[in-house]
Amino acid sequence: MNIRITGTGSALPDKILTNAELEQLVDTSDEWITLRTGIKERRIASEGEYTSTFAAQAARSAMAMAGIQPEELDLIIVGTVTPDFPFPSTACIVQDILGATNATAFDLSAACSGFIFGLSIAEKYIRSGAARKILVIGAEVLSRIVDWRDRNTCVLFGDGSGAAILEASESEDHALLSTHTFSNGSFWKLLYQSGSGSRNPASESRTIDERLLYVNMEGNEVFKHAVRAMEEAAVKALDANGLTSSDIALLIPHQANRRIIDATAKRLGIEGDRLFTNLHRYGNTSSASIPIALDEANRQRLLAPDSKLLLVAFGGGFAYGSALIHW
Ligand code: UT7
């Protein structure tokens, strides 16, 4: 059984936070943020907006494009590190919002690679015959787990969601060709959030050190690994399909840092208009970054029919991976 992506969608908060506004919050400058990251602004959720809010909006948009009803969905997967609650899964909340009464729903934790890992699980469900119509979502409200006094992290992240509908297809054309996932747990301490889990429970003292609730990142170290790992994941995808980078019409890498994206693209020999970026407008939205970019590229008609599209992600865990699509 083959797999076809029949719809994409994305949803972003209306509220924009610019680099100039961040200059008022912490000791930073538009120049530093632009030069070191490429980010100019990011979207921030307002009161009453949650991860499930954007996830459901992106899902509705993807379902509308695919022309399917919520009851047709067999499975909903949400990749997120900022779920509405530790449990139940945000996927179950999205199921409820959508009325997708026939779906199984669960979250997965693969940080910035959540969407790629979700595609990989969906691929296996469809190839095995266990499901025919699957909604894969990457959704985050990272603004609620960053320390707005820490210039090392608060300038980097943003909120939003992207989604895709995957359907079983008899045809080999326009198919998801492969997914590859990798983990290297020996580096988990370079990027993590330590509070509210079983190691630092608030239940013991009934309070929690608020610093434990924020994103903790050794940016420099993560940077070095990110470039190598994304190259590895991309090469794996190309080799598995007997392709070279010159066959790729568009590369959509995880949008964490313009310098990481450019270094990865350079190593792969995919540059110029074959490289998609939007992090100047949204910052790093973790698991949402690739599906938001995929939806924008799709709606801007940058994905020519019959062309090859390569998605590649890297994030905390470390968890990284790639997906190759015959669009
Ligand atoms: O999503 C997947 C995982 N995440 C990533 O892939 C992110 C990977 N890392 C990065 O993108 C980069 O490492 C950062 C953007 C986080 C940092 O850039 P960098 O070039 O690695 O800077 P640095 O951490 O080495 O810091 C250089 C200097 C430091 O000052 P000193 O010690 O040299 O005096 C920082 O204190 O820049 C300073 N700095 C800032 N200055 C102004 C750090 N953040 C800021 C800031 N504004 N916002």
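Tutor: This is a predicted model. Start with helix α4, residues 90-98.
Student: Okay. Which residues of α4 are buried?
Tutor: T90, A91, I93, V94, Q95 and L98 are buried there.
Student: And what do the buried residues of α4 pack against?
Tutor: They pack against α3, β4 (75-79), β5 (104-108) and β6 (133-141).
Student: What comes just after α4?
Tutor: G99 does, and G99 takes a positive phi of about 75°.
Student: Let's go to α3. Where does A59 lie?
Tutor: A59 lies in helix α3, which covers residues 51-66.
Student: Is A59 buried or exposed?
Tutor: A59 has 0% relative accessibility, so A59 counts as buried.
Student: What is A59 in contact with, leaving aside its neighbours within four places in sequence?
Tutor: A59 is then in contact with L98, L135, I137 and A163. L98 is also one of the buried residues of α4.
Student: How far apart are A59 and D30 in space?
Tutor: They are 34 Å apart, C-alpha to C-alpha. In sequence, A59 and D30 are 29 residues apart.
Student: New topic: peptide bonds. Where is the peptide bond cis around P88?
Tutor: The bond from F87 to P88 is cis, with omega near 5°. P88 sits in the loop between β4 and α4.
Student: What about G317 and F318?
Tutor: A cis peptide bond joins G317 and F318 too, with omega about -15°. F318 is in the loop between β12 (308-315) and β13.
Student: Back to phi. What is the phi of S286?
Tutor: S286 has a positive phi of about 50°, although S286 is not a glycine. S286 is in the loop between α10 (279-282) and α11 (289-299).
Student: And is S286 buried or exposed?
Tutor: S286 counts as buried, because its relative accessibility is 4%.
Student: What about R301?
Tutor: R301 is not a glycine either, and R301 has a positive phi of about 55°. R301 lies in the loop between α11 and β12. R301 is exposed, with a relative accessible area of 75%.
Student: Now the big picture. How is the protein divided?
Tutor: It is divided into domain 1 (2-169) and domain 2 (176-326). Their C-alpha centres lie 13 Å apart.
Student: How many residues of each domain are in contact with the other?
Tutor: 51 residues of domain 1 are in contact with 47 residues of domain 2.
Student: Where does the second largest pocket lie?
Tutor: Both domains give residues to its lining, so the second largest pocket lies between them. Its volume is about 220 Å³.
Student: Which residues line the second largest pocket?
Tutor: Among them are R4, I5, T6, H174, R301 and W327. By class, the lining has 6 nonpolar, 4 polar and 2 charged residues.
Student: Which element gives the most to that lining?
Tutor: β1 does, with 3 residues.
Student: Last one: how many disulfides does the structure hold?
Tutor: The structure holds 0 disulfides.

Notes:
Residues numbered from 1 in each chain as written. Predicted model: local features only at pLDDT ≥ 70, side-chain atom pairs only at ≥ 80, totals over all residues. Heavy atoms only, no water. 1 Å grid on protein atoms, 1.4 Å probe; cavity = no way out; pocket = protein on both sides within 12 Å on 5 of 7 lines; lining within 4 Å. Points joined across faces, edges and corners; volume = space filled by probe spheres on them. Helix = DSSP H or I, 4+ residues; strand = E, 2+ residues; numbered from the N terminus. Nonpolar A, V, L, I, M, F, W, Y, C, P; charged D, E, K, R; others polar. Domains from an automatic or database assignment. Disulfide = S-S within 2.5 Å. Contact = heavy atoms within 4.5 Å. Buried < 20%, exposed > 50% of the residue type's maximum accessible area, 1.4 Å probe, protein only.
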